[in-house]
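Trainee: Could you pick one part of this model and take me through it closely?

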Amino acid sequence: TVIVLGTTGRNFGAGMTHGRAFVLDIDGGFSGRVNDESVAIERGLDDAAADDVRELIDLHAKLTHSAYAAGLLANWEPTRSRLW
């Protein structure tokens, strides 16, 4: 499982097999940078996936003292709505 909290480059997911990635769409352009031959993307998270992502971002915030991650958690619903 990978959580990307920043902008991705073009061709995201090329060569990726198995696993899952959660990407925060910072600029609204993520879907245009995905290699759709390698991965399938879905907008939004079900409650179980949202809980997993929130827990991992929380762990990251605690271990790194990341103000950015803390801000994402403090504004969770807008953050959640921008995740693929």
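Mentor: Gladly! Helices (H or I, at least four residues) and strands (E, at least two) are DSSP runs, numbered from the N terminus. The model is predicted, with local features needing pLDDT of at least 70 and side-chain atom pairs pLDDT 80 or more, while totals for chains, interfaces and linings use all residues. Numbering starts from 1 along each chain as its sequence is written, and side-chain values use heavy atoms, without hydrogens and water.

Ala 49, Ala 50, Val 53, Ile 57 and Ala 61 of H1 are buried (under 20% relative accessible area, with exposed over 50% and partly exposed in between; 1.4 Å probe, protein chains only). Viewed down the axis, these buried residues fall within an arc of 105° (by directions from the axis to the C-beta atoms), so they line one face of H1. The face turned away from that buried side carries the exposed Asp 47, Asp 51, Glu 55, Lys 62 and Leu 63.

What covers the buried residues of H1? The cover includes strands E1 (2–4) and E2 (21–23) and helices H2 (67–74) and H3 (76–81). Val 53 touches (heavy atoms within 4.5 Å) Ile 3, Phe 22, Leu 45, Trp 76 and Leu 83, leaving aside residues up to four places away in sequence.
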